[in-house]
Amino acid sequence: TAYQLAVELKIYEGNLVWSRFGVMLTIQTLVLGIIGVLLKNELGFYFEFMWLLLPISVVGLAFCYLWYRATARGFATNTYWMLCARELEYFIGVKNIKSLKRGDEFRQDRIVSFKIGPDDDDIRYYERPTDARGFNTEKCAKYIINIFGIIYEILLFVGLYYIYINWSLAI
């Protein structure tokens, strides 16, 4: 059915968002690890590799930009498929199908109810745990990307400063 397809596409896009996020997080971590290995030994810094901070930081910033854009697009597409399925939930008109509507209420920290039997008293209520309220995974993912971007900006300025100091001393 159209509803089932919309739900499956929403699930697929959600999985894709987090798979992409995990790959980019791994790449960014490896790049920062390579910088650490190139620049530091047990005696101090390897100053002959400091110039590498510039190209590596620029590449890291470019990856952060692409990562941010891909994450934003993935979350937007995920939301699109969720809204498509919710629209179909509404138009199907079956009272029993309200999973995504209820999920949105749950996400907004509202108490949701589940009718789990034929009797009127077969209703269970569920509330989002206190420590999960107000937590937005999309914002959190973007914060993590921004933290990597800030690290690369700092490394870029350190590399520029190092080149400026060496150039000034050479004159």
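Which residues are buried in α1? In this predicted model, the buried residues of α1 are Y3, A6, E13, G14, V17, F21, M24, Q28, V31, I35 and L39. An α-helix has 3.6 residues a turn, so residues three or four places apart point the same way.

**Helix α1**

Helix α1 covers residues 2–39. It has 38 residues. From the first C-alpha to the last, α1 reaches 55 Å. That is close to the 56 Å expected at 1.5 Å a residue.

Start with Y3, which sits in helix α1. Y3 counts as buried because its relative accessibility is 15%, and the cut-off is under 20%. Leaving aside neighbours within four places in sequence, Y3 is in contact with A85, L88, E89, I92, I97, S99 and L100. One of these partners is I92. Y3 and I92 are 89 residues apart along the chain, yet their C-alpha atoms are separated by 8.5 Å.

Now take Q28, also a residue of helix α1. Its relative accessible area is 0%, so Q28 is buried. Which residues does Q28 touch, not counting residues up to four places away in sequence? They are G60, F63, C64, W67, F148 and Y152.

| Residue | Helix | Relative accessible area |
|---|---|---|
| Y3 | α1 | 15% |
| Q28 | α1 | 0% |
| S57 | α2 | 0% |
| K142 | α4 | 17% |

S57 touches Y152, L155 and L156, not counting residues up to four places away in sequence. Y152 is also among the residues that Q28 touches.

K142 belongs to helix α4, which spans residues 137–170. With a relative accessible area of 17%, K142 is buried. Not counting residues up to four places away in sequence, K142 touches Y68 and A72. K142 and S19 are 123 residues apart in sequence. In space, the C-alpha atoms of K142 and S19 are 15 Å apart.

**Where α2 meets α3**

Helix α2 runs over residues 53–92, and helix α3 over residues 99–107. Their axes come within 8 Å and cross at roughly 125°.

On the α2 side, the contact uses M82, A85, R86 and E89. On the α3 side, it uses S99, L100, K101 and D104. The residues of this contact divide into three nonpolar, one polar and four charged.

Within α3, the buried residues are L100, R102 and D104. What do the buried residues of α3 pack against? They pack against α1, α2 and β3 (112–115). After α3 comes D109, whose phi is positive, near 65°.

**Cysteines**

How many disulfides are there? The count comes to zero. A disulfide is a covalent bond between the sulfur atoms of two cysteines.

Is C64 buried or exposed? At 6% relative accessibility, C64 counts as buried. C84 is buried too, with a relative accessible area of 16%. C64 is also one of the residues that Q28 touches.

Definitions and conventions: Residues are numbered from 1 along each chain as its sequence is written. This is a predicted model: local features need pLDDT of at least 70, side-chain atom pairs count only at pLDDT 80 or more; totals for chains, interfaces and linings use all residues. Side-chain values use heavy atoms; hydrogens and water are left out. A disulfide is a pair of cysteine sulfur atoms within 2.5 Å. Buried means under 20% relative accessible area, exposed over 50%, partly exposed in between (1.4 Å probe, protein chains only). Axes are lines fitted to C-alpha atoms, for helices over the stretch in contact, and angles run from 0 to 180 degrees between N-to-C directions. Helices (H or I, at least four residues) and strands (E, at least two) are DSSP runs, numbered from the N terminus. Contact means heavy atoms within 4.5 Å. Ala, Val, Leu, Ile, Met, Phe, Trp, Tyr, Cys and Pro count as nonpolar, Asp, Glu, Lys and Arg as charged, and the others, Gly among them, as polar. The expected span of a helix is 1.5 Å times one less than its number of residues.
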